[in-house]
Amino acid sequence: MVILFPSKPSIVACGAVAGPVESKSVFYSYFDSVSEDERWGQKTNEQGHSKMIQEACDIVMKKADLKNLDVDFFLSGDLVNQMTPTNFAARELAISFIGLFSACATSVSSVIIASLLTEVGASRFAIAGAASQHNAIERQFRYPLDYGAQKPATAQWTVTAAGYALIGKHDPKLPSVVAATVGKVVDYGEVSPFHMGGAMAPAAYDTITSHLKKRHQKITDYDLIMTGDLGKIGLKILKAMFAQTDATQEELEVFRDAGAEYYGEDEAFQSGASGAGCSASVYFSYIEQQMKTGRYKKVLLVATGALLSPMSFQQGETIPCTAHAIEITMD
């Protein structure tokens with residue numbers, strides 16, 4: 001489903017923070033803050049997760065010279081049980097809250113809803129984004145770190161990071177959301193939580209092809225189509241799917257993936273990065289800044305999400321996935 005935004009809501013300000021391991025990220029210099037403590041001085045990983053969200057949102061408001069009372073909505077989500085870290089962050093932010101779960105696609109689904117609220121005049125300013133905390137999420141979806149379990153080469157490293165954007169009325173000097181595609185749920189039968197890229201690549205392909213078709217566009221209409229969290233293997237699968245539809249090498253070079261690039265070529269992170277904070281911290285730092293400097297005029301950001309849970313995995317279910325896209329331009 002493609003949604004058009006005639007009023008072109010703008011990304012007014014962004015905030016991206018990350019944990020100590022993420023200082024190894026190739027995007028490190030674009031982050032607003034990197035903590036030396038993965039728990040942000042809190043007693044538990046989940047409390048640190050919540051504190052990280054608050055810090056990112058505080059950075060957004062400080063950049064825009066706003067107080068929490070000036071912000072109409074806070075739209076966010078995470079991967080921990082019932083989005084507990086986000087719920088507790090919302091308690092501290094005291095902004096009207098809409099919790100969203102699209103797994104690692106929440107970075108984009110939240111912006112879509114914020115843009116809709118802006119489009120219909122229900123919001124002047126809305127903060128949208130997502131976050132993840134490595135220790136909390138690995139323990140929930142895979143193995144507690146204390147186990148020291150070995151991971152296969154297809155596995156990705158859940159990042160400790162948060163990325164948020166302030167969505168407001170159109171400003172021709174700022175990146176603006178002009179269209180979005182809300183993806184379907186696609187399930188190709190993958191069952192391993194250590195192969196998220198392979199599970200999510202078909203959903204990314206479905207959303208991108210749908211967006212291009214309904215917008216009457218071609219791949220090279222964009223300076224960049226960046227997916228989130230497919231990792232190195234998932235990105236290869238996505239490109240292979242497009243190659244089967246006769247995409248040229250020039251077209252394939254338009255595709256990049258935040259998870260595949262997050263830690264560069266460091267093999268310690270296997271297939272790359274993942275987590276709701278992965279695409280969020282890249283989209284709302286690196287991409288925003290590259291658009292402001294004029295390097296990119298038109299981008300398609302496609303965040304992917306694996307909609308599994310510990311319960312579904314334990315019951316032997318396959319992994320349904322989704323992908324949501326936002327088309328962003330500079331006037």
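Colleague: At roughly what angle do the axes of helix H5 and helix H6 cross, and within what distance do they come?

Modeller: In this predicted model, the axes of H5 (residues 196-214) and H6 (residues 231-243) cross at roughly 40 degrees and come within 8 Å.

Colleague: Why are H5 and H6 called oblique to each other?

Modeller: Angles under 35 degrees count as roughly parallel and those from 65 to 115 as roughly perpendicular; the crossing of H5 and H6 is at roughly 40 degrees, and the two helices are therefore oblique to each other. The crossing of H5 and H6 is right-handed.

Colleague: Which residues of H5 and H6 meet?

Modeller: From H5 come Gly197, Gly198, Ala201, Pro202, Ala204, Tyr205, Ile208 and Thr209, and these meet Gly234, Ile237, Leu238, Met241 and Phe242 of H6. Sorted by class, this contact has 9 nonpolar and 4 polar residues, with no charged ones.

Colleague: What makes H1 oblique to H2?

Modeller: Helix H1 (residues 45-64) packs against helix H2 (residues 84-93) at an angle of about 45 degrees, with the axes 8 Å apart, and that angle makes H1 oblique to H2, since roughly parallel would require an angle under 35 degrees and roughly perpendicular one of 65 to 115. The crossing of H1 past H2 is right-handed.

Colleague: How do the residues of the contact of H1 with H2 divide by class?

Modeller: They divide into 7 nonpolar, 4 polar and 3 charged; the residues in contact include Glu46, Asp58 and Met61 of H1, along with Phe88, Glu92 and Leu93 of H2.

Definitions and conventions. Residues numbered from 1 in each chain as written. Predicted model: local features only at pLDDT ≥ 70, side-chain atom pairs only at ≥ 80, totals over all residues. Heavy atoms only, no water. Axes fitted to C-alpha atoms, helices over the stretch in contact; angles between N-to-C directions. Helix = DSSP H or I, 4+ residues; strand = E, 2+ residues; numbered from the N terminus. Parallel < 35°, antiparallel > 145°, perpendicular 65-115°, else oblique. Left-handed = near helix turned anticlockwise from the far one by under 90°. Contact = heavy atoms within 4.5 Å. Nonpolar A, V, L, I, M, F, W, Y, C, P; charged D, E, K, R; others polar.
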